[in-house]
Amino acid sequence: MKSGVHNFLTKSAIIIILFSFNLGLAQDSDFWSRVRFGGSFGLAFGNGYTDVTIAPGALYEINDYVGVGLGLQGTYVNQRRYYSSFIYGASAITVFNPIPQVQLSAEVEQLRVNLDVDDGFSDYTRDFWNTALFLGAGYRMENVTIGLRYNVLFKENDFVYSDALMPFIRVYF
């Protein structure tokens, strides 16, 4: 990935963290009453296939309509006698609730991918950064949102996601 994009994402994450920290100092207990924690956990097993994902996150509700948050992700994928991959990184999200039942979102995700391929024909290692920008819409019920998100930066052979359109379930407590 180009260093300019990486620097921009790093600086953006730092600004969001500092902004959130500043809000915490200014509003003290009110800040923590607006913070929601959540994330996702995924397991998939098949014939020689394993996929484990842990992705905790936090969302600060600025008001009834807008929230900003940060998340971490760690994923291990293994297809026996073909490949294994370890994926880890961070994301920043903004959500907008024009009405209580509808949630629109924009999320930038920066992942480091460590891929080892050994399929009997080729044997190689590829380590790279993958950037995704998801725009999403979902139906919101209390602290759960179910919807679809679209990766506008999706590339057919990015070795991270198989499709640009992905369903999601977002939970914050």
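Hi everyone, let's start in a loop: Glu142 sits between strand S6 (123-141) and strand S7 (144-151). Strands here are DSSP runs of E with at least two residues, helices are runs of H or I with at least four, and both are numbered from the N terminus. This is a predicted model, where local features need pLDDT of at least 70, side-chain atom pairs count only at pLDDT 80 or more, and totals for chains, interfaces and linings use all residues. Residues are numbered from 1 along each chain as its sequence is written, and side-chain values use heavy atoms, with hydrogens and water left out.

Back to Glu142. Its phi is positive, near 55°, and the residue is not a glycine. Glu142 is exposed, with a relative accessible area of 73%; exposed means over 50%, buried under 20%, and partly exposed in between, using a 1.4 Å probe and protein chains only.

Where do we find Arg81? Look in the loop between S3 and S4. Arg81 is no glycine either, yet has a positive phi of about 60°. Arg81 is exposed too, at 69% relative accessible area.

Now the overall layout. The protein chain has two helices and eight strands, in the order α-α-β-β-β-β-β-β-β-β from the N terminus. Of its 173 residues, 35% count as buried.

On to the largest pocket, with a volume of about 1200 Å³. Points are joined across faces, edges and corners, and the volume is the space filled by probe spheres set on them.

Which residues come closest to the centre? Of the 45 lining residues, they are Thr53, Gln73, Arg149, Tyr161 and Met166. The lining divides into 26 nonpolar, 13 polar and six charged residues. Strands that each supply at least two lining residues include S1 (35-46), S2 (49-61) and S8 (165-171).

Last, the surface. Leu133, Leu135, Leu148, Tyr150, Val152, Leu153 and Leu165 form a nonpolar patch with about 600 Å² of accessible area together. Patch members have over 30% relative accessible area and no salt bridge, with nonpolar side chains joined within 5 Å. S6 and S7 each supply at least two of the patch residues. Leu148 belongs to S7 and is partly exposed, at 44% relative accessibility. Thanks, everyone!

Definitions and conventions. On a 1 Å grid over the protein atoms alone, a cavity is a set of points where a 1.4 Å probe fits but cannot get out, and a pocket is an open set with protein on both sides within 12 Å along at least five of seven lines; lining residues have an atom within 4 Å of a point. Ala, Val, Leu, Ile, Met, Phe, Trp, Tyr, Cys and Pro count as nonpolar, Asp, Glu, Lys and Arg as charged, and the others, Gly among them, as polar. Patches are made of residues with over 30% relative accessible area and no salt bridge: like charges are joined within 9 Å, nonpolar side chains (Val, Leu, Ile, Met, Phe, Trp, Tyr) within 5 Å. Accessible areas come from the Shrake-Rupley method with a 1.4 Å probe; for residues, only the protein chains shown count as cover. A salt bridge is a side-chain nitrogen of Lys or Arg within 4 Å of a carboxyl oxygen of Asp or Glu.
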